[in-house]
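Reader: I have a structure open and a few minutes. Can you walk me through it?
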Amino acid sequence: MGSTDSKLNFRKAVIQLTTKTQPVEATDDAFWDQFWADTTTTVQDVFALVPAAEIRALREESPSNLATLCYKAVEKLVQGAESGCPTEREKQVILNCTCILTRILPYIFEDQDWRGFFWSTVPGAGRAGTDELDDDDGARPLAESLLLAIADLLFCPDFTVHSHKRGPDLVENMQSIDSCEYIWEAGVGFAQSPPLNYIHDLNRTELLRLLLTCFSEAMYLPPSSDNTVLNPWVTFFCSTENRHALPLFTSLLNVVCAYDPVGYGIPYNHLLFADYREQLVEQAVQILIVTLEHDGGVLQRPASPSSMEEQEFTGPENLFVNYLSRIHREEDFDFVLKGLARLLTNPLMQTYLPNSTKKIQFHQELLVLFWKLCDFNKKFLFFVLKSSDVLDILVPILYYLNDARADQSRVGLMHIGVFILLLLSGERNFGVRLNKPYSIHVPMDIPVFTGTHADLLIVVFHKIITTGHQRLQPLFDCLLTIVVNVSPYLKSLSMVAANKLLHLLEAFSTSWFLFSAAQNHHLAFFLLEAFNNIIQYQFDGNCNLVYAIIRKRNVFHQMANLPSDPASIQKALQRKRKSPDVISRTSSQETVSMEGSHPAVPAEPGTLKASLVAMPGIDKLTEKSQVSEDGTMVSVLKSDSVHTVHPDQSAVGGTSDTESNSGKDSEDVFYTEAEMERRRLSSASSTSFWAPTPEWTVFPQILSWKCKLPLQTIMRLLQVLVPQVEKICIDKGLTDESEILKFLQHGTLVGLLPVPHPILIRKYQANAGTAMWFRTYMWGVVYLRNVDPPIWYDTDVRLFEIQRM
């Protein structure tokens, strides 16, 4: 009954505020206390009792009352941070104010005229309590007071952390407290694990939700390639002004990496007990990825009319990025990597009892965090790659890629997974680790095979390319670049994987596909380069691939004799109209899928998705490095590589052309979803947008790729081995391929192949385009994952569009 009365009183206060035509004085405590002092409301209650229309009406019709409400709520948080909330009533006031600000802030941000409000000192907003919002140098902007109060409250004894007080009457002084002694969880830089307290977890979650809402101003600004303009909320919070920056960063990271959703492994325990730690972990990982987005720089802050010259200044260093980059102890790396691997693997877990174990839903945030760790801390990246532990990250990523390939609402997940693999594939150790046998057999909708993790990667990539939805076509370049990067180190491909690669080449080398768009030949070049790398550097163990190449030798002969006269081009394109599929999906020799797997399915009708900006072309995503004899990498200048043709033409000359025509994708321009669709169609295999003309065949910069086809190594292999295989089949009457494989296994091409070409690795290269993509993807994930309460739902976000499938 009390709860109902409390909600009723709160609703009455809201109605009073929204219907008042005159400003309410900030000193009228009796009125303002109705919102937080006399009520016990949850955040869900606040969202239900304060409708969006009434907040907007208040903003437009009674702006001074909205300003005072915000000011008074922040004032209460500042007072609570100073006093330490010794009573239960004070704790409830803090939670009520936190929920109210979480509800109101998005409507402040969506109005351009209001965005500077929190960065002002609200002149005349009230006289009582102004001391709490002042510092020695004068009044702080409201945003700074709010952020510092949240930081203090996140380390408030008996509210968000365990008290260290020795006696019943001792109250710890909030100003002198050393928050490094109150880190929330053992792990990086902290050995003690405080006992679990679900009340503390709930209070931390509410404060972090408000903090995330503060940071979300970025959602209300349109996409921009100007990475020097920082989020002022994040920049201030991660600066030296926040004395709790180090313990809070450590607490967030440790809480995420120490979390075990399975617990003691009792079946169905997640249905019997509420897991408050999971809510905290979700908010913690979202705060981490948002705060790690910017690495210091120029901060642009709303300026007052009297200080326009101060609009731009050098922003302080981002301490969260700094702390992340300085982690160096192996035990800390091990803790973080094992924690992330455990959480990423959780949704893959299979049990004999259906739905008996908890499955987390925040794997996209975890992938972004893993990306940030590798990006900002190269020692962590090398640690990940120095053992086969990297495979504990690889397998779940491949699982998510395979599972999401038919669901257009998860295209962002597909991109982040592929980008992580592209980043890892730029390091030699990743290719070497892929040779470890794959024995886990996570149920996936892929053919059964016996082989290595490299086979798993190739089989999943083949599945994505052949059965994924059309919006994945821009990722084909990235997928095949990963295959090329690891190919020099693959010791023994299975027959299944070898056949998948040959099937892709068969599809991408047809004349109608090659002529359908100016850049389609890149895919064939990548595959030929991968074959050349394996033949030149790993011939001995790859009899399955050699056998597959011999069986499909007509594909290579057709490429060598590719016609280029206008009549043949037109004929090929007409043939294509009769078979519009880019890849024939029946000729890939599909076998039975793994036991227990489920087919990838499209998104349910009505599913919400956030739009993404277009990604730069593969030439802007990567930079070339050549592996020297001692194993070090030397950067290859693009200006040289595009025009250089290797005498052998077996790799360098051929692959250089994959970069020659994609300059138009490199502009720092951001596209809407509709524009992206038009661009995708024009760059795919649709003749209605681009048709070759007779003049097209004479432009050497466009058709020069034909003379650069890196076929010499493969043609030499076929020239030597085909007659030998045919002879042994005739002489011995062989019909069993195992005998032929045995012959190839003991064969050699030493001295018969062209001089081995240098290994060329395309390493991921960050740029303004990728930074903008990550920002829109990350905030899109945060928007869609926060549905209870729906913090930003139906507000005017501009960073992306929310679309219904």
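This is a predicted model: local features need pLDDT of at least 70, side-chain atom pairs count only at pLDDT 80 or more; totals for chains, interfaces and linings use all residues.

Reader: Noted. How many helices and strands are there in the protein?

Author: The protein has 35 helices and nine strands.

Reader: And what share of the residues is buried?

Author: Of the 805 residues in the protein, 57% are buried.

Reader: What about contacts between residues at least 6 apart in sequence: what percentage join residues at least 24 apart?

Author: That share is 81%.

Reader: Helix pairs next. At what angle do H22 and H26 cross?

Author: At roughly 30°. H22 covers residues 495-508 and H26 covers residues 553-560. Their axes come within 10 Å.

Reader: Why call them roughly parallel?

Author: Angles under 35 degrees count as roughly parallel. The crossing is roughly 30°, so H22 and H26 fall in that class.

Reader: Left-handed or right-handed crossing?

Author: Left-handed, as H22 passes H26.

Reader: Which residues meet there?

Author: From H22, Leu502, Leu505 and Glu506. From H26, Val555, Phe556 and Met559. By class, the contact of H22 with H26 has five nonpolar residues, no polar ones and one charged.

Reader: H25 packs on H26 too. What is the angle there, and how far apart are the axes?

Author: The angle is about 60°, and the axes are 4 Å apart. H25 spans residues 543-551. This pair is therefore classed as oblique.

Reader: Which residues make the contact?

Author: H25 brings Ile549, Ile550 and Arg551. H26 brings Arg553, Asn554 and Phe556. The residues of the contact of H25 with H26 divide into three nonpolar, one polar and two charged.

Reader: So where does Phe556 turn up?

Author: In both contacts. Phe556 of H26 is listed with H22 and also with H25.

Reader: Switching to strands. What is the order of the open sheet of three strands?

Author: E7-E6-E8, with antiparallel pairing. The edge strands are E7 and E8, since each pairs on one side only. On average, neighbouring strands of this sheet are turned by 40° against each other, direction ignored.

Reader: How many bridges link E6 and E8?

Author: Six, in the antiparallel sense. E6 is residues 622-627 and E8 is residues 759-764.

Reader: And how many between E6 and E7?

Author: Three, also antiparallel. E7 is residues 633-635.

Reader: What does Val627 stand opposite in E8?

Author: Ile759. In E7, the bridge partner of Val627 is Met633. Gln626 has Val634 as its bridge partner in E7.

Reader: Now single residues. Is Ala143 buried or exposed?

Author: Buried, because its relative accessibility is 0%. Ala143 lies in helix H7, residues 142-153.

Reader: What does Ala143 touch, beyond residues up to four places away in sequence?

Author: Ala143 touches Phe118, Trp119 and Trp233. The C-alpha atoms of Ala143 and Phe117 are separated by 8.6 Å. Those two residues are 26 apart along the chain.

Reader: Last one, His363. Why does His363 count as buried?

Author: Buried means under 20% relative accessible area. His363 is at 12%, so it counts as buried.

Reader: Where does His363 sit, and which residues does it touch?

Author: His363 is in helix H15, residues 363-376. Leaving out residues up to four places away in sequence, His363 touches Leu344, Tyr400 and Leu413.

Notes. Residues are numbered from 1 along each chain as its sequence is written. Side-chain values use heavy atoms; hydrogens and water are left out. Helices (H or I, at least four residues) and strands (E, at least two) are DSSP runs, numbered from the N terminus. Buried means under 20% relative accessible area, exposed over 50%, partly exposed in between (1.4 Å probe, protein chains only). Contact means heavy atoms within 4.5 Å. Axes are lines fitted to C-alpha atoms, for helices over the stretch in contact, and angles run from 0 to 180 degrees between N-to-C directions. Angles under 35 degrees count as roughly parallel, over 145 as roughly antiparallel, 65 to 115 as roughly perpendicular and the rest as oblique. A crossing is left-handed if the near helix is turned anticlockwise from the far one by less than a right angle, and right-handed if clockwise. Ala, Val, Leu, Ile, Met, Phe, Trp, Tyr, Cys and Pro count as nonpolar, Asp, Glu, Lys and Arg as charged, and the others, Gly among them, as polar. Two strands pair if DSSP finds at least two bridges between them.
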